[in-house]
Amino acid sequence: MGGSSVQRLVHADCIEFMQGMESASVDLVVTSPPYNAGKEYEADLSVEEYVSFAERWVSCIPRILAPSGALWLNVGHIKVSETENVPLSYLYYPLLRRYGLHMLQEVVWHFEGGMSYKTRFSHRTERWMWLVKDPKKYVFHLDDVRDHTLNIGSDNRNNPAGKNPTDYWHFPRVVGGRGASREKTAHPCQFPVAMIERIIRACSNPRDVVLDPFGGSGTTAVAAYQNGRGFISVETNQRYHEIAKARLERLHKENGAEPPPDLERLAS
Ligand SMILES: C[S@@+](CC[C@H](N)C(=O)[O-])C[C@H]1O[C@@H](n2cnc3c(N)ncnc32)[C@H](O)[C@@H]1O
């Protein structure tokens with residue numbers, strides 16, 4: 001665990017922070033930006049304002065990514081009027097392409113629960129966009145993420161390590177209330193750690209540096225730490241930053257390791 005010396009939880013605006021980062025200093029970016037969906041941490045932006053915000057952070061990524069680096073971007077949809085919704089991937093793809101990133105694949109994340117709609121189908125999926133800097137040279141360790149639960153019976157053609165997890169993933173959402181997930185914090189919109197671990201194991205190498213510019217409760221940092229990768233998790237909201245800090249400190253303690261000084265020093 002915690003195999004890289006880079007372990008940073010940063011309380012900052014990610015755009016300003018990324019502008020000050022060294023070139024090619026990050027191997028993998030895994031993130032979920034605000035969706036403009038009315039969460040407590042979101043401003044109410046028009047589509048044009050949202051695209052302008054998206055361009056400001058996306059434009060920082062190619063420079064800080066290493067040559068074999070990748071971006072895993074989790075998106076839902078944006079409400080453009082009372083009745084119209086646009087998948088955010090439609091807005092992000094032209095931008096990502098303009099800034100030189102190559103789309104390798106879209107992965108569908110399926111989950112249960114959430115609001116039931118009366119005027120449309122209830123929303124039970126989000127998308128991951130997998131983009132790389134160089135489509136001829138990127139990291140993918142399939143054998144590290146094979147899923148043996150997908151093997152069929154005792155078919156002796158099965159790979160004992162399991163099957164390719166495919167581009168359709170089921171991970172329960174992290175929920176509160178009755179039946180709350182064990183990993184739930186006070187952040188309203190947490191990634192499930194297991195899902196981020198799949199991405200990190202498949203698309204980075206041990207001791208690589210994983211960045212989450214919209215770090216929230218620090219889930220990407222937790223998954224990176226648990227898999228021997230370094231992490232940089234940036235969060236603008238003081239309360240969420242404190243949640244991430246407490247989570248990482250608890251993990252370090254469970255491992256009998258003192259929190260590294262950067263966790264304290266940079267978390268200002
Ligand atoms: C969808 S949530 C991310 C949740 C995270 N994946 C987790 O597992 O906890 C987006 C986060 O981005 C933060 N945020 C919004 N604008 C930001 C900015 N300019 N710089 C850094 N963080 C920002 C929000 O406060 C929010 O916590």
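## The shell around the ligand

In this predicted model, the shell around the ligand divides into nine nonpolar, nine polar and two charged residues. The ligand is surrounded by 20 residues, and the closest are H187, F191, S217, T219 and E235.

## Polar atoms at the ligand

At T236, a polar backbone atom is 3.3 Å from a nitrogen atom of the ligand.

How much of the ligand's accessible area does the protein cover? On its own the ligand has 600 Å² of accessible area, and the protein covers 95% of this.

## The sheet

Strands of a sheet pair through backbone hydrogen bonds, and the pairing is either parallel or antiparallel. Here eight strands form an open sheet with mixed pairing, and their order is 1-10-9-2-3-7-6-8. The edges are strand 1 (7–11) and strand 8 (168–170); each has a single partner strand, so one side of each is left without a neighbour in the sheet. From one strand to the next, the twist averages 20 degrees.

Strand 1 runs parallel to strand 10 (residues 230–235), and five bridges join the two. Within this pair, Q7 stands opposite F231 in strand 10.

## Helices on the sheet

Which strands does helix 6 touch? Helix 6, residues 219–226, packs on the sheet and touches strand 1, strand 2 (26–31), strand 9 (209–212) and strand 10. The direction of helix 6 makes about 175 degrees with that of strand 10.

Helix 7, residues 238–254, also packs on the sheet, where it touches strand 1 and strand 10. The direction of helix 7 makes about 160 degrees with that of strand 1.

Conventions. Residues are numbered from 1 along each chain as its sequence is written. This is a predicted model: local features need pLDDT of at least 70, side-chain atom pairs count only at pLDDT 80 or more; totals for chains, interfaces and linings use all residues. Side-chain values use heavy atoms; hydrogens and water are left out. A residue is near a molecule or strand if one of its heavy atoms lies within 4 Å of it. A polar contact is a pair of N or O atoms within 3.5 Å; within protein, one must be able to donate a hydrogen and the other to accept it, and residues adjacent in sequence count only if both atoms are side-chain atoms. Accessible areas come from the Shrake-Rupley method with a 1.4 Å probe; for residues, only the protein chains shown count as cover. Ala, Val, Leu, Ile, Met, Phe, Trp, Tyr, Cys and Pro count as nonpolar, Asp, Glu, Lys and Arg as charged, and the others, Gly among them, as polar. Two strands pair if DSSP finds at least two bridges between them. Helices (H or I, at least four residues) and strands (E, at least two) are DSSP runs, numbered from the N terminus. Axes are lines fitted to C-alpha atoms, for helices over the stretch in contact, and angles run from 0 to 180 degrees between N-to-C directions. Contact means heavy atoms within 4.5 Å.
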